[in-house]
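Me: I would like to learn how to read a protein model, one feature at a time. Please give the general idea first and then the case at hand.

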Amino acid sequence: MKYQQTLNSIYSRLDRLGDLPVFSATVNRIRQVSSSRQSDAMALAMAVMKDANLSTKLLKIANTPTYNRSGSNISAVSRAVVLIGFERIQNLCVTLKLIESFRDEQPDSLIEPLLISAFLNASMAREMAAAANVRDIEEAYICGLLYGLGEVIVAFTLPDTYRDMLRQRVSARDNWSRIQLQTLGGNFSDIGQDLAQSWGFPKTVVQAMDPLTADKLSGGHQISFQLASGCHDLLELIYQRDTAGELDYGQLMGELTELTHQSSEQLEGHMNEAFKQLCDLAEEYGLPHQVISPSMSESDDEALDDLTRRLAYYVHSREHRQSDKAAAENAPAKLDKQSLWMEQQLQYLQQITDLINEQANASQLIEVVVKAVVDCCGLERAAFCLLGSGGRELSVRFAVGYDSDTLEQFFHLRQDDAHSRLFFRILSKRMTLLVPDANEPGWRERLPDPFIEQVQPQGFIMAPLAVQDRVVGLFYADKLSAGSTVEDEEFRIFNQFLVQLRLGLEVLKGRR
């Protein structure tokens, strides 16, 4: 009785909203055309082009490196169909309309994480199915996309009820399945299957949405279910939604390794590829990167923590590259120096990413970041000072820029020296010190005399470099030219590279 009441409430809410665009005539027509043997590329293109907004988004996604390997511009939907393929075009259309429909009706943080998980689940399942030579890899994609449909529908139609369920889950008073049964009278999978069946999805896809009905599947249909459910559970761990500790990362990876005949390293590579596809989609829809990025808090599983750090680092670096690229494109043509700096930022961010992927050592990463700080803005010198002797000494490890020798000479500091207290206090308190103009009244009196006399900064930034819970050194950058000050944009660039360095070092440490 309670489950029927839940369904009635859901259908009543959907009736008030009208038919969801994802299951509108446009998408149904696309599904029919793409599944017909008599259809050609033009017929499918015509079906897509009946929805102008869908056509525009599809072409933008089709031109991303994920789908357009040739690099030549795809300007016609018919060409996108030929290059990408009928089934993948169909799945892209369903995905784009899924995000568009639910997000437009409820553009808040409740729905976005679920839509992100749905797309990631689909992409991961497809990547693994393709690597394992599964016959119908597009079915694996759709199974992954719809596996969590019931939860999306509940969050969409019954948001207050769903928020209360999340509060119960966070409190860990009960497991997630039991919370669903007590609150809804059934599981999310029951609701998802009911709706997917009424919307005309294939029987095998509907059966693959629930472990009980999936037992009746065989062959490739069973593999599609196993990929969809396995990737879904992995995402529960990556995004730390498994508050009751019911899932085990090693066990999940072992099952997927056996299913796909891929190593764990290869499976993680497929996950990386799925996150790249997600970032392409996020940039088109304006989905916030902070929702995409997994949390970097520690768990009891080092392998899971390492994967999470690498995925979070990729999303974070992608966000910076995108924002810097957009700023460069929007900058006035006359600002040649600023445009050059922006281009250099993009190059250095890519270099940092490459070093992490190559598992370079920490020193190589730090050296590149020190150079990046000087090359990418008006800061004239930069140095990294390593903390040693049990945290009692600082000494320069890398220094670049004009008159960097002076930094090397000064930054040999001991904690018990009177003029060193400021620097060790910054490290102990883990605070960043920005002094835009060292000549402003009050600063000369507060800064150590040897520092002012020997280093002679006009403006400077100092910040501790910490990896997880351990401070490893001090990052310093300044300006020397008379009358110059540290600008807000220069501080932003300094901080951007420092954040990238911290994340990168955490990723490298997690691999050791």
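Me: Among contacts in the chain between residues at least 6 apart in sequence, what percentage join residues at least 24 apart?

Reply: Contact means heavy atoms within 4.5 Å. Among contacts between residues at least 6 apart in sequence, 65% join residues at least 24 apart. Before going on: this is a predicted model, in which local features need pLDDT of at least 70, side-chain atom pairs count only at pLDDT 80 or more, and totals for chains, interfaces and linings use all residues. Residues are numbered from 1 along each chain as its sequence is written, and side-chain values use heavy atoms, with hydrogens and water left out.

Me: How many helices and strands does the chain have?

Reply: Helices (H or I, at least four residues) and strands (E, at least two) are DSSP runs, numbered from the N terminus. The chain has 26 helices and 6 strands.

Me: What share of the residues is buried?

Reply: Buried means under 20% relative accessible area, exposed means over 50%, and partly exposed lies in between (1.4 Å probe, protein chains only). Of the 512 residues in the chain, 54% are buried. Take V472, found in strand β6 (residues 470-479). V472 counts as buried because its relative accessible area is 13%.

Me: Which residues is V472 in contact with, leaving aside its neighbours within four places in sequence?

Reply: The contacts of V472 include F384, C385, L386 and L387, as well as L465. V472 and C385 are 87 residues apart in sequence, but their C-alpha atoms are 8.7 Å apart in space.

Me: How many salt bridges does the structure hold?

Reply: A salt bridge is a side-chain nitrogen of Lys or Arg within 4 Å of a carboxyl oxygen of Asp or Glu. The structure holds 12 salt bridges. In one of them the side chains of R169 and E236 meet, at 2.8 Å from N to O. This pair links distant parts of the chain, with R169 in helix α10 (residues 159-171) and E236 in helix α15 (residues 219-238), 67 residues apart. Both R169 and E236 are buried. They also belong to a network of salt bridges that links E151, R169, E236 and R241.

Me: Where in the chain are R381 and D478, which meet in a salt bridge?

Reply: R381 is in strand β1 (residues 381-388) and D478 in strand β6, 97 residues apart. Their salt bridge is 2.6 Å, N to O. R381 is buried, with a relative accessible area of 0%, and D478 is buried with a value of 0%.

Me: How many aromatic pairs are there?

Reply: A pair of aromatic rings is described by the distance of the centres and the angle of the planes. Rings of Phe, Tyr and Trp (its six-membered ring) pair if their centres lie within 6.5 Å; planes under 30 degrees apart count as stacked, over 60 as edge-to-face and the rest as tilted. The structure holds 14 aromatic pairs. F451 and F460 form an edge-to-face pair, 5.2 Å centre to centre with 85 degrees between the planes. Both F451 and F460 are buried. Ring pairs also link F410, F411, F423, F451, F460 and Y476 into a cluster.

Me: Which ring does the charged end of R446 sit over?

Reply: A charge sits over a ring if NZ of Lys or CZ of Arg is within 6 Å of the ring centre and within 35 degrees of the ring normal. The charged end of R446 sits over the ring of W443, 4.4 Å from its centre.
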